[in-house]
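Dear colleague,

Please find below the structure I am handing over to you. My notes on it follow directly after.

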Amino acid sequence: MIKLRKAGERGHANHGWLDSWHSFSFAGYYDPAHVHFGALRVINDDRVAPGMGFGTHPHSDMEIISYVLEGELEHKDSMGNGSVIRPGSVQRMSAGTGVLHSEFNPSKQNAAHFLQIWVMPDRKGVTPSYEETHFGDEEKRGRLRLVASNDGANGSVTINQDLRLYSGLFDGDETATLPLAADRRAYVHVARGNAEVNGIALEAGDALMLSDETSVTVAAGQQAEVLVFDLA
């Protein structure tokens with residue numbers, strides 16, 4: 001079974017400094033049909049104005065992944081971490097028993113475009129932790145590169161959940177297939193560009209939810225960046 005959700009069907013909030021599209025219920029947006037997909041709880045497609053950002057705020061018992069598409073994002077947290085992540089970087093913060101953090105766009109001229117992804121953990125009360133890894137375009141070109149997993153396989157960031165996140169860049173005749181085990185399902189999000197997934201044409205912001213399928217195939221990309229979540 002494959003379900004298509006178009007980009008324009010998502011929740012939307014424009015706060016001036018922040019323009020955000022919500023794939024799942026978040027803040028003032030509630031859709032009972034799209035609260036979560038398995039352990040995947042949030043995909044916010046955020047654009048942050050120059051010099052603006054999210055002030056220090058708390059989180060607990062959530063795995064938070066930041067995936068930058070354009071610009072820069074400056075991170076600081078109560079664990080003492082501080083860095084600026086750019087396209088290709090995947091940042092993971094396990095909030096666990098509680099953490100404070102902030103995220104700002106340090107540029108005075110360019111907007112920052114990133115995906116804020118939340119995954120519900122497989123257990124509560126873990127010790128908060130932070131990890132950041134960079135994946136070059138050559139690692140994702142024409143293939144689905146593992147970037148987050150529960151076991152840190154192949155240099156991916158480690159999350160406390162049975163979920164594997166893949167990222168790929170596709171143009172022209174480049175194609176990649178990810179097999180799905182019988183007890184798995186997949187969520188596909190097109191971060192930018194256009195691509196066909198299992199023969200269905202998708203544009204930026206579109207998503208597919210796949211259950212009882214044997215594989216996910218990405219093809220016919222046009223400057224496409226695609227994320228695939230393999231979930232229990």
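Predicted model: local features only at pLDDT ≥ 70, side-chain atom pairs only at ≥ 80, totals over all residues.

Residues are numbered from 1 along each chain as its sequence is written, and side-chain values use heavy atoms, with hydrogens and water left out.

An unreviewed UniProt entry lists residues 146–231 as "domain: Quercetin 2,3-dioxygenase C-terminal cupin"; the positions follow the numbering used here, the feature name is shortened, and the annotation may be inferred rather than shown by experiment. This span is 65% strand and 0% helix, with its end C-alpha atoms 13 Å apart (strands are DSSP runs of E, at least two residues, and helices runs of H or I, at least four, numbered from the N terminus).

Strand S19 (residues 207–211) is largely enclosed by the rest of the structure, because five of its five residues are buried (under 20% relative accessible area, 1.4 Å probe, protein chains only). Leu208 and Leu210 point one way from S19, and Ala207, Met209 and Ser211 the other. S19 pairs (at least two DSSP bridges) antiparallel with strand S1 (residues 2–5) over four bridges. Strand S17 (residues 185–197) also runs antiparallel to S19, joined by five bridges. Met209 is the bridge partner of Lys3 and of Tyr187.

Tyr187 is also among the residues with the most contacts inside the largest nonpolar core, which has 26 residues (buried Ala, Val, Leu, Ile, Met, Phe, Trp, Tyr and Cys joined through side-chain atoms within 4.5 Å). A second, separate core of 21 residues includes Val190 and Val197.

With kind regards

Terms used
Buried < 20%, exposed > 50% of the residue type's maximum accessible area, 1.4 Å probe, protein only.
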